[in-house]
Amino acid sequence: MLIMISTRIAILISGRGSNMTALADAVESNRIPNAEVSIVISDKADAAGLKLAHARGIETLVCERKGRKREEHEAGIIAKLQEREIGLVCLAGYMRLLSPCFIQAFTGRILNIHPSLLPSFPGLDAQRQALDHGVKFSGCTVHFVDDTLDGGPIIAQRVVPVFEDDTEQTLANRILAEEHDVYAEAVALVVSGDYEIVGRQVKQRAKAIK
Ligand code: GRF
């Protein structure tokens, strides 16, 4: 009998937590098979997503930086993740850059979602950047996290139109609906292990015929 080991996922947030909720829903409905959301960690004590996670029975943890050096702050988080044998870290609106230490501790096992079609508009205020640039399409990107700003290999993207009368908020809402769907799709792929990274390309492996 083949026993599938469940991948333990940690989700790092700083705020609202709608992507965290979408991932937890996708795990619950088995859209992301062989996975469990083991912990939600926030660097902000008042992050609304903490209450949402707690209400679903997910362990939550607040790890504030409190003037500490980035490495010191992260060491606490890394220790918690390792204690719980976390196999995948999903950043979902986590508003801090990870240090090389963190990235090395979870090489190839950290994902992020960004509200633009990378490599366009990395960093903060991606929707504002898209509007200011006058693009006709934008979207969202799920990518592996490496030591570049929003620059790791791209796992999945979704495109949305940008309308002339869009505000930052209307565009953000349109993108967010796609984020919720594409993040689950990308996490399912990574958990399945059915991919390889060739250069910068994340390629889905053809499924073996049984
Ligand atoms: C999302 O737009 C995500 O792409 C960006 O931060 C926002 C987080 O929203 N990184 P939420 O907390 O998941 O609702």
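Predicted model: local features only at pLDDT ≥ 70, side-chain atom pairs only at ≥ 80, totals over all residues.

Trainee: Okay. What counts as a pocket?

Mentor: Work on a 1 Å grid over the protein atoms alone: a pocket is an open set of points where a 1.4 Å probe fits, with protein on both sides within 12 Å along at least five of seven lines. Lining residues have an atom within 4 Å of a point.

Trainee: And how much space lies in the largest pocket?

Mentor: About 1100 Å³, where the volume is the space filled by probe spheres set on the grid points, which are joined across faces, edges and corners. The lining has 41 residues, and the closest to the pocket's centre are Gly93, Tyr94, Met95, His114 and Pro115.

Trainee: Which elements each supply at least two residues of that lining?

Mentor: Those are α1 (18-28), α4 (100-105), β5 (110-114), α5 (126-133), β6 (137-144) and α6 (168-192). The names come from DSSP runs, numbered from the N terminus: helices are H or I with at least four residues, strands are E with at least two.

Trainee: Which domains does the lining draw on?

Mentor: At least three residues come from each of domain 1 (1-107) and domain 2 (113-210). Those bounds come from an automatic or database domain assignment.

Trainee: How does the lining split by class?

Mentor: There are 17 nonpolar, 15 polar and nine charged residues. Ala, Val, Leu, Ile, Met, Phe, Trp, Tyr, Cys and Pro count as nonpolar, Asp, Glu, Lys and Arg as charged, and the others, Gly among them, as polar.

Trainee: New topic: helix α3. How many residues has it, and how far does it reach?

Mentor: Helix α3 (residues 70-83) has 14 residues and reaches 20 Å from its first C-alpha to its last, close to the 20 Å expected at 1.5 Å a residue. The expected span is 1.5 Å times one less than the number of residues.

Trainee: Which residues in α3 are buried?

Mentor: His73, Glu74, Ile77, Ile78 and Leu81 are. Buried means under 20% relative accessible area, exposed over 50%, and partly exposed in between, using a 1.4 Å probe and protein chains only. Seen down the axis of α3, its buried residues fall within an arc of 130°, so they line one face of the helix. That arc is the one made by the directions from the helix axis to the C-beta atoms.

Trainee: Which residues have a positive phi although they aren't glycine?

Mentor: Glu85 has one of about 50°, and Asp150 has one of about 55°. Glu85 lies in the loop between α3 and β4 (88-91), while Asp150 is found in the loop between β6 and β7 (154-161).

Trainee: Is Glu85 buried or exposed? And Asp150, buried or exposed?

Mentor: Glu85 counts as exposed, at 63% relative accessibility. Asp150 counts as buried, at 13%.

Trainee: Last one: where is Leu97, and how far is it from Thr148?

Mentor: Leu97 is found in the loop between β4 and α4, and it is exposed, with a relative accessible area of 56%. Leu97 and Thr148 are 51 residues apart in sequence and 9.4 Å apart in space, C-alpha to C-alpha.

Conventions
Residues numbered from 1 in each chain as written. Heavy atoms only, no water.
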